Amino acid sequence: MSANAIHNRLLEAVRQRADREGVVLPETITSANGNLLVIARSAGLDEEALVESLKTATDFEYEPDLSRRVASTDFVENIPIAFARQHGLIGLADLNEDGVLPVAMADTASWPQLDVVSRHLNRPVRPILAKPSDIAAAINLAYQQQKGQAETFIGSLDRGEVLDAIESLADRDDLLDVDGRAPVIKLVNLVLFEAVKQMASDVHIQPYEDEVVVRMRIDGVLFDAHTVPKALQDEVVSRIKVMGKMNIAETRLAQDGRATVQVGDRVIDLRIASLPTSFGERVVIRLLDKSARLYQLTELGMDGQTLERFRGLIGIEHGLLLVTGPTGSGKSTTLYAALQELNSKEKNILTLEDPIEYQLPGISQTQVNERKGMTFDRGLRHILRQDPDIVMIGEIRDHETAVMAIQSALTGHLVFATLHTNDSASAVTRLLDLGIEPYLVASSVIGVLAQRLVRCVCDRCAQAATLSPSDYQQLEIAPDQVHASSARRGRGCEHCRKTGYRGRVGLFEMLIVDDAIRHHVQSRHTASQIKQEAVRTGMHTLRDDGIQKMLSGTTTPDEVLRVTMRSTV
């Protein structure tokens with residue numbers, strides 16, 4: 001059947017559907033070459049109505065749920081994503097194994113392109129009907145799941161081709177659309193794409209004397225990912241600096257930049273930092289997935305007691321609640337989870353962040369910009385004029401910010417903030433070091449949550465493990481203290497990149513500032529003395545929480561020892 005014949009039959013089906021719905025079709029629908037999807041939408045018919053009409057007008061197979069089908073590797077590897085998106089086509093795995101490629105489509109306007117696909121792949125194709133939204137989602141998913149592109153491409157780079165192909169960049173690039181781009185642009189896009197796919201938090205471009213190594217931080221640990229020829233170092237760094245709107249001519253000073261890219265339907269913010277070294281500029285790119293889902297408090301890994309205490313603190317009307325830990329320990333994730341739980345129409349919640357990692361619906365978020373004078377302490381002054389109930393401060397870095405946070409807590413606001421300290425007790429003494437009077441700290445701080453992230457044992461290759469005498473000795477526990485153990489270790493598989501770990505979970509230490517702790521603070525006692533008092537009244541330390549997660553099989557002794565310190569209590 002010709003494309004015109006199918007179009008005419010579909011045209012009649014759309015008219016009949018419009019009559020039933022009482023919809024007046026535009027005059028352009030009489031055109032035999034019109035895009036029926038556009039026509040149907042302009043007439044008020046949804047995509048299901050169009051696909052139903054197309055199904056009525058033809059004998060094509062219909063797939064109501066395209067997520068159940070696997071995309072064709074042949075199609076994804078040989079058909080550019082731009083072509084697939086433009087024409088709304090995606091090849092599917094051949095379930096019948098008859099050599100005919102099923103291609104999902106949603107409109108007869110795509111019919112002539114089936115011949116293009118057939119000729120390019122040198123195999124026959126057959127159309128399958130699906131909803132346009134399902135096809136768009138399938139295209140994004142299929143091209144995101146391509147494997148090994150970066151390594152293969154790096155091996156085929158030619159320096160002469162690279163130097164001739166540097167081109168201007170758009171403000172926002174789609175990392176999946178690499179067909180036809182210059183080699184260095186392809187290389188950087190594909191490396192970033194691999195980092196997003198592997199859920200890496202950072203990408204390091206690290207120059208050495210004879211080569212440039214691309215490293216990725218995955219689950220908090222750095223891995224060597226690729227090696228780039230030394231001759232291409234300047235071009236790769238320049239490409240990244242152009243993305244971040246940095247000065248490519250300045251190589252002797254450190255610079256910071258930002259960029260936004262897309263991977264299919266996911267928006268990724270990049271924070272770029274360059275630093276001169278003896279072998280050239282080193283670049284670190286932090287990736288923030290704006291479309292990543294937010295976690296609930298119950299998903300973070302808190303035990304029942306810690307979760308109950310933390311929820312009790314965030315329910316207080318006013319006071320300062322601190323979350324402490326090193327960079328990358330999940331502090332922002334915890335605070336976002338708390339804000340989500342508190343978010344309601346009755347509360348005015350504002351945040352001051354650097355950077356804004358996730359968008360929180362219903363909450364006003366402000367970006368710190370020190371170059372333009374929007375510092376934490378100045379921004380906090382303005383936020384307090386917005387009549388907030390709850391304020392989140394990204395980080396207390398100096399005396400001025402600490403003073404404003406404490407004054408906010410004392411004047412009837414619930415304030416969340418982060419600090420960089422080793423444990424919960426050290427957060428209190430850190431405020432004293434910043435010049436805050438002890439009586440102000442004691443009367444404003446209601447609690448401190450210290451946290452770390454440990455890697456989880458990979459569920460796909462986990463096996464039962466027995467703790468060794470060395471494990472007991474290093475963790476300072478006796479075998480008779482362990483009544484039941486479900487300890488596990490990962491053998492290493494493709495799913496976890498042969499590491500034995502996949503994903504991370506939090507370790508938590510919740511210090512409640514009660515009367516006894518306030519007395520220690522006002523007396524300027526050491527962090528060790530404050531911690532001893534907190535443990536005496538029931539606080540579980542980071543090491544204690546790690547041991548419990550190790551005994552339950554969630555993580556391993558090595559991970560607990562890596563991120564927690566020896567107890568000084």
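Me: Is Lys498 buried or exposed, and what is its relative accessible area?

Reply: Good place to start! Buried means under 20% relative accessible area, exposed over 50%, and partly exposed in between (1.4 Å probe, protein chains only). Lys498 is exposed, with a relative accessible area of 56%. One caution: this is a predicted model, where local features need pLDDT of at least 70 and side-chain atom pairs count only at pLDDT 80 or more, while totals for chains, interfaces and linings use all residues. Residues are numbered from 1 along each chain as its sequence is written, and side-chain values use heavy atoms, with hydrogens and water left out.

Me: Where is Lys498 found?

Reply: Helices (H or I, at least four residues) and strands (E, at least two) are DSSP runs, numbered from the N terminus. Lys498 is found in the loop between strand E19 (488-490) and strand E20 (501-512). Its phi is near 65°, a positive value in a residue other than glycine. Met199 also has a positive phi, of about 60°, and is not a glycine. Met199 lies in the loop between H10 and E6 and counts as exposed at 54% relative accessibility.

Me: How many helices and strands does the protein chain have?

Reply: The protein chain has 22 helices and 20 strands. Of its 569 residues, 51% are buried.

Me: How do I read strand pairing, and in what order do the four strands of the open sheet stand?

Reply: Two strands pair if DSSP finds at least two bridges between them. Here the order is E1-E4-E3-E2, with mixed pairing. Strand E1 (61-62) and strand E2 (90-91) are the edge strands, each pairing on one side only. E1 and strand E4 (residues 125-129) pair in the parallel sense over two bridges, and Tyr62 has Leu129 in E4 as its bridge partner.

Me: Which strand forms a hairpin with E11?

Reply: That is E10, with two residues between the two strands. Strand E10 (residues 266-277) is joined to E11 by ten bridges, and they run antiparallel. One of the pairs is Pro276 with Glu281 in E11. Strand E6 (residues 202-207) also runs antiparallel to E11, joined by four bridges, and Val203 stands opposite Ile285 in E11. Seven of the ten residues of strand E11 (residues 280-289) are buried, so E11 is largely enclosed by the rest of the structure.

Me: At roughly what angle do the axes of H10 and H11 cross?

Reply: Axes are lines fitted to C-alpha atoms, for helices over the stretch in contact, and angles run from 0 to 180 degrees between N-to-C directions. The axes of helix H10 (residues 183-197) and helix H11 (residues 233-243) come within 9 Å and cross at roughly 70°. That makes H10 roughly perpendicular to H11; angles under 35 degrees count as roughly parallel, over 145 as roughly antiparallel, 65 to 115 as roughly perpendicular and the rest as oblique. Contact means heavy atoms within 4.5 Å. Among the residues that meet are Val184 and Leu192 in H10, and Val236 and Met243 in H11.

Me: How many disulfides does a search of the whole structure find?

Reply: A disulfide is a pair of cysteine sulfur atoms within 2.5 Å. The search finds zero disulfides. For Cys461, the closest cysteine sulfur is in Cys458, 3.8 Å away and too far for a bond. Cys461 is buried, with a relative accessible area of 1%.
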